[in-house]
Amino acid sequence: MDAWSPLATRSNPSILHPLMTTGSLSKELFNASMKLIPGGVNSPVRAFHSVGGEPLFIEKGKGAMLVDADGQEYIDYMMSWGALLHGHAHKEITGKIAKALERGTSFGAPTGFELELAKLVTDALPAMDMIRLVNSGTEATMSAIRLARGHTNRKKIIKFDGCYHGHVDALLVEAGSGVATLGIPGSPGIPEEVTAHTISLPFNDLEAVREVFQKDPQGFAAVIVEPVAGNMGVIPPQEGFLQGLRTLTEEHGTLLILDEVMTGFRVAWEGAQGMFQVTPDLTCLGKIIGGGLPVGAYGGKREIMEKIAPAGPIYQAGTLSGNPIAMAAGTKALKLAKEPETYQRLDYRSQYLTDELKKRADAAKIPMTINRVGSMFTLFFSEKPITDLQDVKESNLRRFAKYFNAMLEEGVYFPPSPFEACFLSTAHGETTIEKTLAAHEKALKKL
């Protein structure tokens, strides 16, 4: 057993909760973590609050599979919340990381890896003339909002209910993801003065945006939106919604920011902006461009980006930005994604899986709506179409919790919240998908 392995804690029980030293090792690790880490987790949705039970502690991953601290295997449809387009521990990506590690872990200075990744991204996304690399999606959206305000000399922002843009004070209003999962209407610690400049409107409701602009035509610095909502479950944009946002923002001198932290290089090589033919002023990225390592980025039109320091007066910085290990991993991940037919195969497998999941639910007479865009999808226990956050809230959330736990018992790991997306990777092959469908049939019977 490796010395660093979580399994080694059985021989070192002092780090565990004093009353929990037998039974499930995941349970023991969770109880021990509760003493040192708020809620026992380092990101709220990991805590299984909306599905019941306690989180699994993961030992390792390979391909489409995860192994927990107790040695149980699971087919993984979280893929590190979408970051792993090529599955866990992809040999070429880990090999690239190993070579980069030999040179050092961080320099706080420019490297050629940054330039290589920047060129790959800007070549793929025509709307992005220039890019600034950061360390997380939250940093990317925070910086893009600051840039939009500095560029337009305006304060107000429009976002959409259920769209989560990281834990940025100004954007943590009617947010999705963990906020929706936990039922938190924003967050204590954020002054009203900060959120007073943020207006949140129903997703897919273009008329609501039009009305807000009519009341204050010159007051908004930016409209920020997930082009495909993924943090209240997957909800595609209705026809004309994104194009309508582009038209309205251009008419009123407002920047359009597409938060593609989740969709960028996930739904297509050119992102959701290419898939839906909409050209933003700024784009936020993360997840896949780090190849599984922490990373974020924002970029857009040259005349806007050149206002960022040191080229311009709007300040943003980060000691670990452009970290060479993350740059190496991301570069390899994107080069693999660019290979012919990568996205066609992902789309085909995702469509087959979701079609078959729906057929089996229909046969079992269990109401289910499945939304899918590319290799992202969400199962909603509802008879009606799901087009916004209110629709998600009105779906059968209790049935989702039962389904999640039934699938977990069958060795399939879905996101532990009805407000999150599932993701396929290039490692999800035919055998994996058929095993998932067999587990799905058994889970439906338990409902």
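This is a predicted model: local features need pLDDT of at least 70, side-chain atom pairs count only at pLDDT 80 or more; totals for chains, interfaces and linings use all residues.
Two packed helices are described by the angle between their axes and the distance between the axes.

Which residues of H8 and H9 meet? On the H8 side they are Leu-206, Val-209, Arg-210 and Phe-213, and on the H9 side Phe-241, Gly-244, Leu-245, Leu-248 and Thr-249. Sorted by class, this contact brings together six nonpolar residues, two polar ones and one charged one.

## The seven-stranded sheet

Now for the strands. Seven of them make up an open sheet with mixed pairing, and their order is E4-E10-E9-E8-E7-E5-E6. At the edges sit E4 and strand E6 (198-201), each of which pairs on one side only. Going from one strand to the next, the twist averages 20 degrees.

E10 has partners in two strands. Strand E4 (residues 130-134) pairs with E10 in the antiparallel sense over five bridges, and in that pairing Arg-132 has Tyr-298 as its bridge partner. Strand E9 (residues 282-286) also runs antiparallel to E10, joined to it by five bridges. Here Leu-282 stands opposite Gly-300, and Gly-286 has Gly-296 as its bridge partner.

E1 and strand E2 (residues 65-68) pair in the antiparallel sense over four bridges, and Ile-58 finds its bridge partner in Asp-68 of E2.

One of the bridges joins Val-373 to Met-376 in E12. The hairpin these strands form has two residues between them, and Gly-374 takes a positive phi near 60 degrees.

## Aromatic pairs

Searching the whole structure turns up 12 aromatic pairs. Two of them are set out here.

| Pair | Ring centres apart | Angle between planes | Arrangement |
|---|---|---|---|
| Phe-48 and Phe-404 | 5.3 Å | 85 degrees | edge-to-face |
| Phe-265 and Trp-269 | 5.1 Å | 70 degrees | edge-to-face |

Both of these pairs are edge-to-face because their planes are over 60 degrees apart.

Phe-48 and Phe-404 link distant parts of the chain, being 356 residues apart. Phe-48 is in the loop between helix H1 (25-36) and E1, whereas Phe-404 belongs to helix H15 (residues 397-409). Are these two residues buried or exposed? Both Phe-48 and Phe-404 are buried.

In the other pair, Phe-265 counts as buried at 1% relative accessibility. Trp-269 has a relative accessible area of 17%, and it is buried too because the cut-off is under 20%.

Some rings gather in a group: Tyr-77, Phe-377, Phe-381, Tyr-403 and Phe-414 form one aromatic cluster.

## Around Ile-366

One last stop is Ile-366, in the loop between helix H13 (342-363) and E11. Ile-366 is buried, with a relative accessible area of 8%. What does Ile-366 touch, leaving out residues up to four places away in sequence? Its contacts are Ala-361, Phe-381, Arg-399, Leu-444 and Leu-447. Phe-381 is also a member of the aromatic cluster above. Ile-366 and Glu-383 are 17 residues apart along the chain, and their C-alpha atoms are separated by 8.9 Å.

Notes:
Residues are numbered from 1 along each chain as its sequence is written. Side-chain values use heavy atoms; hydrogens and water are left out. Two strands pair if DSSP finds at least two bridges between them. Contact means heavy atoms within 4.5 Å. Ala, Val, Leu, Ile, Met, Phe, Trp, Tyr, Cys and Pro count as nonpolar, Asp, Glu, Lys and Arg as charged, and the others, Gly among them, as polar. Rings of Phe, Tyr and Trp (its six-membered ring) pair if their centres lie within 6.5 Å; planes under 30 degrees apart count as stacked, over 60 as edge-to-face and the rest as tilted. Buried means under 20% relative accessible area, exposed over 50%, partly exposed in between (1.4 Å probe, protein chains only). Axes are lines fitted to C-alpha atoms, for helices over the stretch in contact, and angles run from 0 to 180 degrees between N-to-C directions.
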